[in-house]
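Dear colleague,

Please find the structure below, handed over for your own work. The findings follow directly after it.

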Number of protein chains: 4
Amino acid sequence: MTAGRHFLQIPGPSNVPDRILRAMDYPTMDHRGPAFADVGRKALEGMKSIFKTESRVVIYPSSGTGAWEAALVNTLSPGDTVLMYETGHFATLWKSLAQKLDLNPVFIESDWRAGADPAAIEERLRADKGHEIKAVCVVHNETSTGSVTPVADVRRAMDAAGHPALLMADTISSLASVEFKHDDWGVDVTVSGSQKGLMLPPGLSFNAISDKAMKVSEAAGLKRAYWSWADMAGPNDTGYFPYTPATNLLYGLNEAIDMLHEEGLDNVFARHQRHAAATRAAVKAWGLEVLCQVPEHRSPVLTAVMVPEGHSADNFRAVTLRNYDMSLGNGLSKVADRVFRIGHLGDFNDLMLCGTLSGVEMGLRDAGIPYRAGGVQAALEVLGQKFDAARAAA
Amino acid sequence: MTAGRHFLQIPGPSNVPDRILRAMDYPTMDHRGPAFADVGRKALEGMKSIFKTESRVVIYPSSGTGAWEAALVNTLSPGDTVLMYETGHFATLWKSLAQKLDLNPVFIESDWRAGADPAAIEERLRADKGHEIKAVCVVHNETSTGSVTPVADVRRAMDAAGHPALLMADTISSLASVEFKHDDWGVDVTVSGSQKGLMLPPGLSFNAISDKAMKVSEAAGLKRAYWSWADMAGPNDTGYFPYTPATNLLYGLNEAIDMLHEEGLDNVFARHQRHAAATRAAVKAWGLEVLCQVPEHRSPVLTAVMVPEGHSADNFRAVTLRNYDMSLGNGLSKVADRVFRIGHLGDFNDLMLCGTLSGVEMGLRDAGIPYRAGGVQAALEVLGQKFDAARAAA
Amino acid sequence: MTAGRHFLQIPGPSNVPDRILRAMDYPTMDHRGPAFADVGRKALEGMKSIFKTESRVVIYPSSGTGAWEAALVNTLSPGDTVLMYETGHFATLWKSLAQKLDLNPVFIESDWRAGADPAAIEERLRADKGHEIKAVCVVHNETSTGSVTPVADVRRAMDAAGHPALLMADTISSLASVEFKHDDWGVDVTVSGSQKGLMLPPGLSFNAISDKAMKVSEAAGLKRAYWSWADMAGPNDTGYFPYTPATNLLYGLNEAIDMLHEEGLDNVFARHQRHAAATRAAVKAWGLEVLCQVPEHRSPVLTAVMVPEGHSADNFRAVTLRNYDMSLGNGLSKVADRVFRIGHLGDFNDLMLCGTLSGVEMGLRDAGIPYRAGGVQAALEVLGQKFDAARAAA
Amino acid sequence: MTAGRHFLQIPGPSNVPDRILRAMDYPTMDHRGPAFADVGRKALEGMKSIFKTESRVVIYPSSGTGAWEAALVNTLSPGDTVLMYETGHFATLWKSLAQKLDLNPVFIESDWRAGADPAAIEERLRADKGHEIKAVCVVHNETSTGSVTPVADVRRAMDAAGHPALLMADTISSLASVEFKHDDWGVDVTVSGSQKGLMLPPGLSFNAISDKAMKVSEAAGLKRAYWSWADMAGPNDTGYFPYTPATNLLYGLNEAIDMLHEEGLDNVFARHQRHAAATRAAVKAWGLEVLCQVPEHRSPVLTAVMVPEGHSADNFRAVTLRNYDMSLGNGLSKVADRVFRIGHLGDFNDLMLCGTLSGVEMGLRDAGIPYRAGGVQAALEVLGQKFDAARAAA
């Protein structure tokens with residue numbers, strides 16, 4: 001029995017705001033009836049405004065993993081080569097998924113301490129004279145490491161190499177938290193999920209699809225039914241779905257879309273940047289190291305922090321959960337027990353961040369991790385800069 | 001703007017009870033944290049008690065259509081023959097899905113006015129000397145027609161034919177409303193969904209898997225990732241999932257499992273039988289015809305009613321929705337505009353049924369369908385029989 | 001353990017719609033902060049539109065009984081004579097309350113089978129040459145009997161008698177269900193509550209106050225603090241309250257006000273009239289008698305039904321609750337065990353009414369009350385008349 | 001539009017936990033039906049365990065102000081003298097209320113910087129040879145100042161003076177947060193409300209009543225109806241109420257009682273003490289002064305902080321609300337604009353406190369209040385002491 005609110009500071013699922021929970025807490029409706037069309041259309045059109053695309057968005061009743069699968073099975077044929085980039089655990093999982101589906105992923109390896117390097121991608125594409133590579137797949141925000149891949153630069157690299165492969169981007173943990181422009185950046189398939197920047201519970205996933213990808217899909221040889229874009233297209237055009245949609249999650253999605261536009265997407269992005277900066281200031285003050293080594297790749301939605309050699313990040317997380325009722329993300333695979341991850345995404349504000357960082361600072365002490373006090377203090381200073389001008393004027 | 005509660009009397013999604021909506025209306029939790037294991041285990045174990053199986057159940061964040069796909073891709077190889085039975089629209093959709101996945105469905109055709117005929121299945125299996133048929137797939141409760149297939153008899157027919165095919169049953173609209181026994185009836189893969197007898201919103205689907213099916217799965221050649229039973233098995237054993245589960249729907253599922261056992265599954269089944277009998281009495285009194293012609297196949301969860309030649313069932317449904325705020329199911333495909341379907345499943349009671357039948361009776365009049373008044377009256381008489389003994393004793 | 005929704009067909013509290021429950025299910029806010037003013041103003045202004053008044057409305061965190069007390073203590077002095085009218089149990093309770101507060105109620109007795117008779121009131125007032133009577137108090141809709149007092153006629157009677165007493169009307173079970181016009185009808189103090197036509201849970205009560213009553217209040221000698229209009233007035237003028245308001249009920253009230261105006265008050269009143277007519281048709285078909293003997297006084301919000309001599313209305317209600325999960329209102333005091341009351345108020349529609357009447361008809365049989373079958377059938381015919389023109393045109 | 005959760009850090013209403021909001025979010029039930037008795041009995045019996053009394057508790061649908069009035073009108077007669085103690089704004093309001101009800105309060109004045117002094121009370125009582133004083137009324141936790149009156153010592157003072165007056169204690173902002181023992185401490189009437197330690201929205205209030213007070217009530221001359229203990233007693237004995245109770249708030253109250261006992265009242269009290277100590281450490285580090293000057297009187301539920309001369313506490317609060325979406329309590333009456341109040345009561349935990357104090361520290365800077373940085377840091381150190389032993393053992 002614990003009092004007060006749990007601090008859910010994993011890098012997703014994020015804290016679901018009351019407005020969204022309440023929007024979902026309504027009777028399920030007839031998904032074939034006339035009133036449903038408004039719900040469906042709002043969701044499908046609204047998501048275009050979030051992906052910043054004029055082309056098609058499809059919505060699946062599934063986790064984000066399903067949208068990874070959908071992106072591949074709709075566009076590729078058995079044995080196709082895809083270029084993937086090892087930014088971390090989730091990029092590796094996507095690669096494994098490609099292998100299970102009978103694709104041939106070429107994997108650019110890395111040390112997990114940065115986003116994907118467009119130059120390395122360009123080099124591989126230039127070397128692929130025969131255009132064996134059918135798709136380049138990158139993770140926009142690698143949730144396991146807190147590194148952001150510059151997707152627009154990947155597109156530029158592809159164009160520079162004159163390579164016709166499709167560009168696919170996983171924005172599961174970045175969409176609606178970090179700037180993303182499906183159309184302007186020339187992405188062909190964007191993959192996303194509901195439970196991070198969209199502030200929903202898990203259970204919905206998305207593909208945003210360029211016209212080129214839609215066209216490619218017609219001849220793609222991998223078999224598909226549940227994930228078929230073609231089957232979605234007809235019913236979606238009038239606001240319906242080919243099979244029963246996750247109606248109550250769509251109620252929540254429509255509320256989320258409203259909330260994001262009420263705040264303004266640019267304000268949402270700036271809010272996340274500011275919280276990430278304050279978090280990194282705290283980490284620096286504690287004398288700890290951020291996993292991502294490339295400053296401009298550091299994620300606005302989560303910060304992975306390395307614990308000193310000889311100390312256990314998982315023990316620290318367990319102590320913090322027990323003593324302060326806060327969940328933090330664990331290190332996965334290559335960095336298991338070496339890092340912990342602070343989620344600062346979704347429906348989040350300054351004082352929730354201060355509570356979060358206070359929990360980390362107290363947890364470090366309780367778990368016997370060597371650190372310097374003062375991280376929260378450093379964060380307060382960064383957060384306060386927003387109001388410097390107002391103070392000066394007063 | 002309409003006052004009062006909408007009557008959602010399509011044959012699913014069914015009316016979600018407040019207890020379940022409220023159970024879902026809680027903050028999403030860390031699906032990797034220690035507290036989640038209790039949620040996951042309760043859902044996975046609880047669903048075994050609903051399927052009446054001792055073997056494995058998997059839960060997908062998806063619609064029921066996903067669980068159809070999962071049943072096939074985990075057990076079959078490209079080009080495999082499967083025996084399917086045209087009980088109605090959904091059986092036909094499952095067949096189409098099998099075709100899309102590169103399987104070879106043999107389809108026993110029918111007039112949609114009964115459940116599957118075990119004798120016809122036995123005949124086909126006996127003819128399949130080479131055991132080309134790898135699976136027999138039937139729909140337990142065909143939602144488009146209101147016909148129930150006697151699944152235990154199908155198993156007996158398979159055994160009589162000495163055929164080794166797997167038996168797969170779709171219980172999407174029957175589970176937790178109509179008696180079903182995965183183990184006792186020798187079913188290998190049972191497919192189900194959340195939004196009917198389980199009283200949840202759509203968004204979860206299920207496979208119950210016999211040990212034989214699990215074994216067969218190891219060598220099955222269709223490619224799979226999201227739907228992979230093997231990937232589920234490990235994490236499921238400790239209450240976790242290989243990818244992010246639909247956490248809030250799981251909260252609701254656990255509440256549903258509790259509610260079903262509080263009422264008692266046998267009482268739930270009897271309740272549905274009684275409501276179906278009262279509904280059929282009303283249909284008879286109106287002088288209309290039930291689509292399903294085989295009395296013992298008539299569904300406890302929905303009743304499809306034929307409208308007289310020259311009249312439009314869809315116009316009747318539109319009038320009933322507009323005048324009485326009640327959604328009824330439409331006729332699909334072969335019976336489009338020829339039937340309407342009354343759902344009487346899920347969280348439902350006598351007075352909700354009386355309201356439903358009243359809406360049908362008034363809608364028949366308003367839509368100009370020839371009918372005799374007195375259907376509701378007839379239903380009241382059937383419902384009251386439950387209390388005859390108590391009355392006699394008083 | 002019962003399945004489906006409980007039918008709460010007492011004459012209030014009425015069924016609270018989901019929109020209102022969800023509106024209340026939000027975090028309590030600072031009732032002294034700047035954001036609260038919008039909530040308070042909307043509630044206070046919105047209630048004027050429901051009472052149809054331009055003068056002041058006050059809102060108490062209390063049951064309706066509190067608003068009865070408030071009406072008296074703000075306007076009267078110890079020993080004052082008030083003219084009250086015995087329309088039923090609640091009129092009698094209000095009289096008792098007046099006695100407890102040291103007032104001197106003169107009570108016009110009646111047989112509980114009609115609303116108040118304006119002529120009888122006029123006669124008493126004409127006899128009161130010395131204007132000892134300071135207030136005339138009537139119950140607009142007597143919840144214990146289902147009789148409506150013609151309040152506008154009472155005002156006309158008072159004016160005809162040239163009597164300066166204040167006119168007070170209890171609209172606890174009529175407001176927002178039965179037409180009421182505080183200003184046009186010359187009412188000085190209207191008393192109401194949240195849990196009937198306003199569709200809220202109990203916990204809020206109201207006084208609408210004419211300028212004359214406000215003026216009279218200044219010199220009124222009864223002591224008051226919690227109920228003081230004068231203390232409310234200042235804070236209310238800017239949307240605040242002198243003590244902590246029932247914030248979450250106010251959230252719900254504001255939603256209720258929106259819902260009532262979305263449907264349109266005149267449509268709401270017509271809906272209740274139509275349901276009452278259908279209910280009375282059922283009662284007549286059953287061969288039972290409505291308690292209220294004056295046709296134009298019969299209530300649009302509830303119907304009190306007499307059971308034949310020698311039968312127990314309370315046993316009937318207990319049987320109906322047990323067999324059909326429906327709560328009906330009991331007979332109170334003078335008519336205890338002689339009548340049952342069917343509530344058809346608040347957020348209610350045709351099919352809910354049909355379910356309700358079906359429960360009554362089955363309950364009559366199960367409880368062994370002599371009746372003729374066919375009440376529900378009769379109600380269906382009345383309800384269908386609304387669509388006669390549309391049918392004829394089709 | 002603000003993101004994330006509002007920090008409601010006024011000293012009540014406190015943050016309502018999801019469990020309680022959801023418990024309230026259920027359909028209203030028949031408060032005269034058989035199922036209600038369980039709800040009513042649980043609430044009435046449960047509140048005895050919170051007040052720590054074996055005698056009667058009554059529950060009003062009203063704000064705490066109503067329970068103040070109820071305590072007086074049930075026990076006193078017009079013109080009676082009551083001894084009250086000016087601990088702050090709310091003690092003064094109670095005194096004003098007594099005056100409005102025709103009582104004669106003798107008011108022991110104070111500078112608002114401590115709880116009531118039992119010695120001063122004893123002195124007044126000793127001087128009252130004729131036992132004109134009928135009741136001694138103290139505020140247990142003065143919400144306007146953050147000072148706690150030692151109620152057990154007041155009882156000892158009364159006994160030492162051999163005075164027969166009733167002892168009344170207002171625990172509106174202390175009950176279920178600060179230790180209180182109605183029976184052991186010899187309190188005759190304890191007044192309380194729902195929206196502080198009980199974690200509910202406002203709308204319920206309470207009197208706990210000693211047998212002596214109940215006896216005195218029989219002859220008390222003040223008029224009463226809504227507040228009458230005698231009218232409550234009969235229906236309460238079987239779990240019912242004399243008029244419509246605030247049903248949905250009772251649902252929440254029963255959940256609150258469960259939550260308090262799950263945590264354990266002693267743990268709840270210790271949690272509040274610890275948070276208060278951390279808050280005072282922050283205030284000291286900031287170089288600011290706590291309003292309450294008597295260390296052992298300092299409140300576990302709120303801390304009132306003085307701003308330096310020449311600075312505006314209200315401007316600070318407005319800046320903090322605007323910049324950090326946190327509501328703090330204002331200075332009332334004598335200390336208007338001189339203090340701000342930090343609420344740390346109800347459903348509250350360490351990280352919520354850290355967020356709160358961070359908001360204060362940043363707000364001080366933004367509002368130009370002279371302060372020293374480091375308050376949050378000081379609080380972290382105090383909070384961490386709880387885990388010192390565990391750390392040492394590890």
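Chain A can be laid on chain D by a turn of 180° and a shift of 0.0 Å along the axis, with an RMSD of 0.0 Å. The two copies are thus related as by a two-fold rotation axis. Within chain A, the C-alpha nearest that axis belongs to Gly355(A), at 2.1 Å from it. As for the contact itself, 100% of the interface residues of chain A are also interface residues in chain D, so the copies meet through the same surface. Please bear in mind throughout that this is a predicted model.

The superposition of chain A on chain C gives an RMSD of 0.0 Å, again by a turn of 180° and a shift of 0.0 Å along the axis. Which residue of chain A comes closest to the rotation axis in this case? It is Arg22(A), whose C-alpha lies at 3.2 Å. Here too the copies meet through the same surface, because 100% of the interface residues of chain A are also interface residues in chain C.

Helix packing in chain A

In chain A, helix H10 (residues 265-286) and helix H12 (residues 350-366) have axes that come within 11 Å and cross at roughly 20°. Angles under 35 degrees count as roughly parallel, and H10(A) is therefore roughly parallel to H12(A). The crossing of H10(A) and H12(A) is right-handed. On the side of H10(A), the residues in contact are Arg274(A), His275(A), Ala278(A), Thr279(A), Ala282(A) and Trp286(A). Their partners in H12(A) are Asp350(A), Leu353(A), Leu357(A), Val360(A), Glu361(A) and Leu364(A). Sorted by class, this contact of H10(A) with H12(A) has seven nonpolar, two polar and three charged residues.

In chain D, helix H3 (residues 64-73) packs against helix H4 (residues 89-100) at an angle of about 50°, with the axes 10 Å apart. H3(D) and H4(D) are therefore oblique to each other, and H3(D) passes H4(D) in a right-handed crossing. H3(D) contributes Thr65(D), Trp68(D), Glu69(D) and Leu72(D) to the contact, while H4(D) contributes Phe90(D), Leu93(D), Trp94(D), Leu97(D) and Ala98(D). By class, the contact of H3(D) with H4(D) has seven nonpolar, one polar and one charged residues.

For chain C, helix H3 (residues 64-73) and helix H4 (residues 89-100) pack at an angle of about 50°, and their axes are 10 Å apart. That makes H3(C) oblique to H4(C). The crossing in which H3(C) passes H4(C) is right-handed. In this contact, Thr65(C), Trp68(C), Glu69(C) and Leu72(C) of H3(C) meet Phe90(C), Leu93(C), Trp94(C), Leu97(C) and Ala98(C) of H4(C). The class count for H3(C) with H4(C) is seven nonpolar, one polar and one charged residues.

Aromatic pairs

Over all chains, the structure holds 46 aromatic pairs. One of them is formed by Phe387(B) and Tyr324(C), with 5.3 Å centre to centre and 70° between the planes, and this pair is edge-to-face. The pair crosses between chains: Phe387(B) lies in the loop between helix H13 (375-384) and helix H14 (388-393) of chain B, whereas Tyr324(C) belongs to helix H11 (residues 313-324) of chain C.

Backbone details

Two peptide bonds and one backbone angle may be of interest when you prepare the model. In chain B, Gly12(B) and Pro13(B) are joined by a cis peptide bond, with omega about -5°. Pro13(B) is located in the loop between strand S1 (7-9) and helix H1 (18-24) of chain B. In chain C, a cis peptide bond with omega about -5° joins Gly12(C) and Pro13(C). Pro13(C) sits in the loop between strand S1 (7-9) and helix H1 (18-24) of chain C.

Which residue has a positive phi although it is not a glycine? It is Trp112(A), with a phi of about 70°. Trp112(A) is found in the loop between strand S4 (104-108) and helix H5 (118-127) of chain A.

Yours sincerely,
A colleague

Conventions: Residues are numbered from 1 along each chain as its sequence is written. Chains are lettered from A and ligands numbered from 1 in the order in which they are written. This is a predicted model: local features need pLDDT of at least 70, side-chain atom pairs count only at pLDDT 80 or more; totals for chains, interfaces and linings use all residues. Side-chain values use heavy atoms; hydrogens and water are left out. Axes are lines fitted to C-alpha atoms, for helices over the stretch in contact, and angles run from 0 to 180 degrees between N-to-C directions. Helices (H or I, at least four residues) and strands (E, at least two) are DSSP runs, numbered from the N terminus. Angles under 35 degrees count as roughly parallel, over 145 as roughly antiparallel, 65 to 115 as roughly perpendicular and the rest as oblique. A crossing is left-handed if the near helix is turned anticlockwise from the far one by less than a right angle, and right-handed if clockwise. Contact means heavy atoms within 4.5 Å. Ala, Val, Leu, Ile, Met, Phe, Trp, Tyr, Cys and Pro count as nonpolar, Asp, Glu, Lys and Arg as charged, and the others, Gly among them, as polar. Copies are superposed by least squares on the C-alpha atoms of residues with pLDDT of at least 70 in both. Rings of Phe, Tyr and Trp (its six-membered ring) pair if their centres lie within 6.5 Å; planes under 30 degrees apart count as stacked, over 60 as edge-to-face and the rest as tilted.
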